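Subject: The structure I promised you

Hello,

Please have a look at it first, and then read on.

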Number of protein chains: 2
Amino acid sequence: MGEKREWLEELKRELPEGRLLTSREDRVAYSYDATWEEGWPDAVVLAHATEDVVATLRVAQKYRVPVVPRGAASGLSGGSVPEHGGISLSLAPMRRIIEISPEDLVAVVQPGVINLDLQKALEPHGLFYPPDPASYDMSTIGGNIAENAGGPRCLKYGVTTDYVMGLEVVIPGGEVLRLGGRSIKNVTGYDLVRLFVGSEGTLGVVTEATLKLLPKPPATATVSAFFDNLNVAAETVVAVLTSGILPLTTELLDGVSIRVVEDFLHLGLPAGAEAMLLIAVEGETGCVKEEIARVEGICRTHGASTVETAATPEEESRLWRARRSVAAALGRLRPHTLGEDIAVPRSRIPEMVRTIQEIGERWGVTIAVYGHIGDGNLHPTIACDRNDPDEMDRVSKAAEEIFAAAVRMGGTLSGEHGIGTVKRAFLPSALPNNVLDMMKAVKQIFDPHGIMNPGKVFPD
Amino acid sequence: MGEKREWLEELKRELPEGRLLTSREDRVAYSYDATWEEGWPDAVVLAHATEDVVATLRVAQKYRVPVVPRGAASGLSGGSVPEHGGISLSLAPMRRIIEISPEDLVAVVQPGVINLDLQKALEPHGLFYPPDPASYDMSTIGGNIAENAGGPRCLKYGVTTDYVMGLEVVIPGGEVLRLGGRSIKNVTGYDLVRLFVGSEGTLGVVTEATLKLLPKPPATATVSAFFDNLNVAAETVVAVLTSGILPLTTELLDGVSIRVVEDFLHLGLPAGAEAMLLIAVEGETGCVKEEIARVEGICRTHGASTVETAATPEEESRLWRARRSVAAALGRLRPHTLGEDIAVPRSRIPEMVRTIQEIGERWGVTIAVYGHIGDGNLHPTIACDRNDPDEMDRVSKAAEEIFAAAVRMGGTLSGEHGIGTVKRAFLPSALPNNVLDMMKAVKQIFDPHGIMNPGKVFPD
């Protein structure tokens, strides 16, 4: 990193008034995300336009200063934490929805647009943008793109990368690349758009995104069902999926999750249940009725103990209460929770849940498992106390064993939260060395001096 | 390229008996694809296993011999034509479906598996693989991946890249890379899988693919509707898409297409019609009824002159007859047809069709326009005689003007056929120079000596 005073002065000259922050208060405010990671930037740039990003990446390249892009900092993998100092580049001020085209089913947005704000803007047009990370009411589209965010309804609709048609990105040195376009089909050259999606800010900075939209179906309904046996619940999901129905979501709560929620909320959940499924469908009104009746039937045939259907938003909200309350319920047991994010092939879900339960018992920690069973993405959540070093040691051992088990079962370290800093040490266990080398070579093309979000994704 | 005798001898030693062909007959048989391009290979390798591909790419790298991968050679952009000689590497013998997992909604296949054969194997499981290029009864999954193939039902389901979860690829030198995996959500490192999809064999050779499958909905139905005015037809499609319905397909025939088909088949198509729409929906039986009634209603409200619905496979087949017969009907006018493949944002479709008609008139050639209006992908097809040099000169001028117009309207040179050799000269008009440079740098990583399908995609 060049002499700090020098690059700060040059950056100050390049940026409009008020966009460069260097006070202690500002630096601490940009030092964390939604993990427990922390790192102070030397300065903060508030980007209001592509030009601000260009100026920042030009000066940063010249002086070899790390640049850490940041949306809402709601990330769960340390991706926006300025571990090596340098510049925290906030895209949050770039929150303009530039265009919504119902004809083209396309939205063009700046990276700081909050996912929920886009959804609200699309509603009057009868349209929606499918990716729905749990953080959708605060996370930004730019952050969603950086992490290739998923969410519950990704079972039916896919993840962020399936909805990014075009990008404007700025790469180190300040060059602006316009990738992809706004036509749905496009096979002109390599797919650099999708190379940037999920690259966690290590290749460049997204300054504009062209997103694919879908017509919003008019109706939804949800079935909840309880099972004495996790295997049977998993078989039920497969039976639904192979019956010609593609549900909107298929969410699972394991026995631990059910019991901590019941202790907390007294919802009357069945005491001995080892699995709860929440299966939602979406479509035309008549279609939803037909599909939900079939889902109910499949659940009953497979021996579900309690099967309930909700067809109004209020009833649905009641059924989803258990799912939404797991983390809060765990928070009653211990002061903190560590939420993980593994994915395994769907067929391995019962084995994976059992393995996680064994790991929890072995290390003496409570782990609730819930998540998106339909796409194999589970969020094992460990109750803990960060102020107890002995417990935290056991928690990280348990987490490591969970990662290892996921990889062993043909799964991955991260389904939707990214690698960032929190999982980079495990990347070599998930990827062959020659693939990792290719990824590093790709980074080298766009970021030859390693200034873009250094230390993220790749192990030291 | 090294001394031919030398590399041929080494290759022969490396490969099992019968996998290296060098006779004149064999070389001519591997000299073309479905375009008018032609180029003889020096030798043909029939790959029966990944090891054959490894041996080929090891020897080819050592002697700097071009390698041109080939599936069924049904491509429409010259991608598998050995323009610079070298080795035609046929993956057609690798046609094993390795695994179908209904639990994981995944199929693992070798690259030579024909798209239709995979569909047939999936049927008993109630599953399907969505990408459906027109060549699906002959083209291979490997070829579909190389070209990022689309098809009519891509409006609802997306294109090939949306269904490739994992790849085994061999890169020059013979190294085997295992990219991606079999979990639906996966954010560990850069998305190299999608970098390979659509790379037209210029980065390496796909030797195995893990594909995402979907449950097959039980019912379909199709509405056909005629319009006096192309704009109104386009508006009708937008009205359908913004009504909450995502059709399976929305196909368009322009006035020229309608008239050549009618002259040929006497189906009783309305004489003055300027547009025919075929809108199909797919889902649960009740749902399909409900949706198709709404589609019919929207067509009538917009003033369609004849609205007909088909709900049985036989009736559907009758309605689709006009769409399927355009090329054959054009073939009655002139001995040959040149099929193009542009894509524009949906809102520009009427303007694009009118522009194409003007271009046809200006150059004195008949151009029928049909294609996938819902995703903006049109196939303007020019009737011509390849033995008439003056006419062919006018045909290629017309084609160039069509490309230029598509790019001007924010579209692309190719929606689903690829660039190959036939469109490479136009790539610089469709992509900014700095993006093209980045693509070349990416190629350099995987193929530093430029032996993989040289001359394809990139302009000379």
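Below is what I found, beginning with the ground rules and ending with a few single residues.

This is a predicted model, in which local features need pLDDT of at least 70, side-chain atom pairs count only at pLDDT 80 or more, and totals for chains, interfaces and linings use all residues. Residues are numbered from 1 along each chain as its sequence is written, chains are lettered from A and ligands numbered from 1 in the order in which they are written, and side-chain values use heavy atoms, with hydrogens and water left out.

**The two chains together**

**Chain A as a whole**

Chain A has 16 helices and 19 strands.

The C-alpha atoms of chain A fill a box of roughly 70 × 60 × 40 Å along the principal axes. A compact globule of 460 residues would have a radius of gyration near 23 Å, and chain A agrees with its 23 Å. That radius is taken over C-alpha atoms, and the globule rule is 2.2 Å times the number of residues to the power 0.38.

Of the 460 residues of chain A, 64% count as buried. Buried means under 20% relative accessible area, exposed means over 50%, and partly exposed is in between (1.4 Å probe, protein chains only). Among the contacts in chain A with a separation of 6 or more, 72% are between residues 24 or more positions apart.

As for charge, chain A carries 45 positive and 62 negative side chains, and the centres of the two sets lie 2 Å apart. Lys and Arg count as positive and Asp and Glu as negative, while His and the chain ends are not counted. Each charge is placed at NZ of Lys, CZ of Arg, CG of Asp or CD of Glu.

Start with A:Ser183, in the loop between β9 (175-180) and α7 (192-196) of chain A. Is A:Ser183 buried or exposed? It is buried, with a relative accessible area of 4%. Leaving aside neighbours within four places in sequence, A:Ser183 is in contact with residues including A:Met165, B:Ala343 and B:Thr412.

Next comes B:Cys299, in helix α10 (residues 285-301) of chain B. B:Cys299 is buried, at 0% relative accessibility. Apart from neighbours within four places in sequence, its contacts include B:Val223, B:Phe227 and B:Ile279.

Then there is A:Asp26, in helix α2 (residues 24-29) of chain A. A:Asp26 is partly exposed at 25%, and it touches A:Leu21 and A:Val44, not counting residues up to four places away in sequence. The C-alpha atoms of A:Asp26 and A:Thr412 are separated by 36 Å, and the two residues are 386 apart along the chain.

B:Arg408 sits in helix α14 (residues 389-408) of chain B and is exposed, with a relative accessible area of 62%.

Finally, two backbone angles. Most residues other than glycine have a negative phi. B:Arg64, however, has a positive phi near 55°; this partly exposed residue (39%) is in the loop between α3 (50-63) and β3 (67-70) of chain B. B:Asn148 also has a positive phi, near 50°. B:Asn148 lies in the loop between α5 (141-147) and α6 (154-157) of chain B, where it is buried at 10%.

Enjoy exploring!

How values were computed. Helix = DSSP H or I, 4+ residues; strand = E, 2+ residues; numbered from the N terminus. Contact = heavy atoms within 4.5 Å.
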